[in-house]
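Please read it alongside the coordinates.

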Amino acid sequence: MTSSELWTRATADRYDSEETEASSAAVLGPTLAFLADLAGDGRALEFAIGTGRVGVPLRERGVQVVGIELSEHMVAVLRRKIDESTLPVTIGDMATTVVPGEFSLVYLVYNTITNLLTQDEQVECFRNAARHLEPGGRFVIELGVPPLRFLPPGQVAVPFDVSEQHLGLDTFDLAEQILVSHHFTRDGDDGRYRRELSRHRYAWPAELDLMARIAGLELERRVADWDGDPFTQDSAKHISVWRKPA
């Protein structure tokens, strides 16, 4: 077991309804095209597959997808969409759990590597990806760039969503490289808000590149989004692809 916080049944059951935009065709289309191109005729392994937001439609495109997921509750939601024989999922953590066979693609999306709360565990995640890759295979991570430029001296919080139904902000422990995401979500019409929070260890692109080198992987490319736009100093996130030498 890693330090990742475990998704509860209640959180898993409402996950898809709260991520409708991220699950839309407009958002998922470029993601699926990017991943399917890298997978080619090979198999793909998704770390932290969750409810199958990406894995299920990628399987429907013809890619042989296998998943690893820590939360049995998230997998229970996935099972409402697709059966085990079509998309196998192993319960376990993404840093140490091993599944049979080799893959042309291992991918980890939606900032999920930050669920591992120590640098050592994140390094092990890279090593685990390399362990599963065939020679020439790729490891892909989607991750936000830490928004520390928005922090003036003395401030430790950055809002990332302010809407009628949801208020979200991140607070930062700069010494420990930990951020806490705070979510205040309106439930129903009575004006009440549900509060949730989750801890994450943020990492810079250069730090991930060093983790990849430790795992024997080489940076192949880094772009700003799934459409392949150039990554710059102003990019809010990055899609990074590391390759296992042939």
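The numbered points below concern a predicted model and proceed from a sheet and its helices to individual residues and a set of hairpins.

1. The sheet. Seven strands, in the order S3-S2-S1-S4-S5-S11-S10, make up an open sheet with mixed pairing. Strand S3 (89-91) and S10 are the edge strands; each has a single partner, so one side of each is left without a neighbour in the sheet. On average, neighbouring strands of this sheet are turned by 20° against each other, direction ignored.

2. Pairing of S5 and S11. These two strands pair in the antiparallel sense over 7 bridges. Within the pair, Ile-141 stands opposite Ser-240 of S11. Helix H5 packs on the sheet, where it touches strand S1 (43-47), strand S4 (103-108), S5 and S11. The direction of H5 makes about 145° with that of S5.

3. Helix H6. This helix lies across S5, S10 and S11 and runs at about 15° to S11. The buried residues of H6 (residues 205-214) are Pro-205, Glu-207, Leu-208, Asp-209, Met-211 and Ala-212. They pack against helix H5 (119-132), S5, strand S9 (193-201), S10 and strand S11 (237-243). Just after H6, Gly-216 adopts a positive phi of about 85°.

4. Glu-142. The side chain of Glu-142 makes a polar contact of 2.6 Å with the side chain of Lys-237. Beyond four places in sequence, the residues that Glu-142 touches include Leu-108, Tyr-110, Trp-226 and His-238.

5. Arg-222. This residue lies in strand S10 (residues 218-223). At 18% relative accessibility, Arg-222 also falls under the 20% cut-off and therefore counts as buried. Which side chains make polar contacts with that of Arg-222? One is the side chain of Asp-209, at 2.6 Å; another is that of Ser-240, at 2.6 Å. Asp-209 is itself one of the buried residues of H6, and Ser-240 is the residue of S11 opposite Ile-141. Leaving aside neighbours within four places in sequence, Arg-222 is in contact with Pro-205, Phe-231 and Trp-242, among others.

6. Strand S6 (residues 157-162) pairs with S7 in the antiparallel sense over 5 bridges, and the two form a hairpin with 3 residues between them. Val-158 has Asp-170 as its bridge partner in S7. S7 and strand S8 (residues 178-186) are likewise antiparallel, over 8 bridges, with Val-180 of S8 as the bridge partner of Thr-171. The hairpin of S7 and S8 has 4 residues between the strands, and Gln-177 takes a positive phi near 60° there.

7. Leu-169, at 22% relative accessibility, counts as partly exposed. Leu-169 and Ser-181 are 12 residues apart in sequence, and their C-alpha atoms are 5.9 Å apart in space. Beyond four places in sequence, Leu-169 touches residues including Ala-157, Phe-160 and His-182.

Definitions and conventions. Residues are numbered from 1 along each chain as its sequence is written. This is a predicted model: local features need pLDDT of at least 70, side-chain atom pairs count only at pLDDT 80 or more; totals for chains, interfaces and linings use all residues. Side-chain values use heavy atoms; hydrogens and water are left out. A polar contact is a pair of N or O atoms within 3.5 Å; within protein, one must be able to donate a hydrogen and the other to accept it, and residues adjacent in sequence count only if both atoms are side-chain atoms. Contact means heavy atoms within 4.5 Å. Buried means under 20% relative accessible area, exposed over 50%, partly exposed in between (1.4 Å probe, protein chains only). Two strands pair if DSSP finds at least two bridges between them. Axes are lines fitted to C-alpha atoms, for helices over the stretch in contact, and angles run from 0 to 180 degrees between N-to-C directions.
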